[in-house]
Amino acid sequence: LVFELLRQRVGSPISYSSIAEDVAISPNTAKKYIQILEALYVVFRVPPFSNNIARSLLKEPKIYFFDTGLVQGDQGIKFENLVATCLLKHVFAKIDYQAELYSLKYLRTKDKREVDFALVHNDTIEKMIEVKHANPSISNNLRYFHEKYALPTIQVVKELKRERVDNGIEIIQGLNFLKSL
């Protein structure tokens, strides 16, 4: 049951308590099941970005599947899962081949503003990335983070007719973005 719930909640912050409540087990047991799925390379966790390590441990991670075929939901969430997998492999390559300290995180504020991914290099956000299936208009949350922190920002759109830059935010076709990794 935990596995099925995860398939339905891909790309959303995961609360162990909520999962435990839904399947009538303890939060600790739910967490252990997810750890087993991670150890078997079925799923991986994307934690929230925080400079405070203690606080980031308390925040809810997002769960993605290594095999995009296991994802339930619309084309948007399946594409987000694919991008998450490619970004994770990109991070692993940076770590393995270049011995650089990289990680994959996501951004979320207390008032629930969220950006799908942040590529983090040496504990500093290098790039913010929002993933969309077919909507070329810039996400309000992405615009908010870009204006507040002035970091390199990309919106990846799977079905995009024309790439452009809008107020410093790059809107790029999904395939071109994945090729650039």
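These legends describe close-up views of a predicted model.

View 1. Helix α6 spans residues 140-149, and its Leu142, Phe145 and His146 are buried. These three lie on the same side of α6, because they cover an arc of only 100° around the axis. An α-helix has 3.6 residues a turn, so residues three or four places apart point the same way. Asn140 and Glu147, on the other side of α6, are exposed.

**View 2. What covers the buried residues of α6.** The covering elements include the strands β3 (102-108), β4 (114-121) and β5 (124-132). Also among them are β6 (153-157) and β8 (169-173).

**View 3. The two ends of α6.** At the N-terminal end, Ser139 caps α6, with a side-chain oxygen 3.2 Å from the backbone nitrogen of Asn141. Ala150 follows α6 and has a positive phi, near 50°.

**View 4. Salt bridges Arg45–Glu38 and Asp111–Arg113.** The side chains of Arg45 and Glu38 form a salt bridge with an N to O distance of 2.4 Å. Arg45 is partly exposed, at 29% relative accessible area. In the salt bridge between Asp111 and Arg113, the N to O distance is 3.7 Å. Asp111 is exposed at 54% relative accessibility, while Arg113 is partly exposed at 26%.

View 5. Lys132 and Glu130 are joined through their side chains by a salt bridge of 3.5 Å, N to O. Lys132 is partly exposed, with 25% relative accessibility, whereas Glu130 is buried, with 5%. Elsewhere, Lys62, Glu80, Arg108, Glu114 and Asp116 belong to one network of salt bridges that share partners. The model has 9 salt bridges.

Terms used: Residues are numbered from 1 along each chain as its sequence is written. This is a predicted model: local features need pLDDT of at least 70, side-chain atom pairs count only at pLDDT 80 or more; totals for chains, interfaces and linings use all residues. Side-chain values use heavy atoms; hydrogens and water are left out. Buried means under 20% relative accessible area, exposed over 50%, partly exposed in between (1.4 Å probe, protein chains only). Helices (H or I, at least four residues) and strands (E, at least two) are DSSP runs, numbered from the N terminus. The arc is that of the directions from the helix axis to the C-beta atoms. Contact means heavy atoms within 4.5 Å. A polar contact is a pair of N or O atoms within 3.5 Å; within protein, one must be able to donate a hydrogen and the other to accept it, and residues adjacent in sequence count only if both atoms are side-chain atoms. A salt bridge is a side-chain nitrogen of Lys or Arg within 4 Å of a carboxyl oxygen of Asp or Glu.
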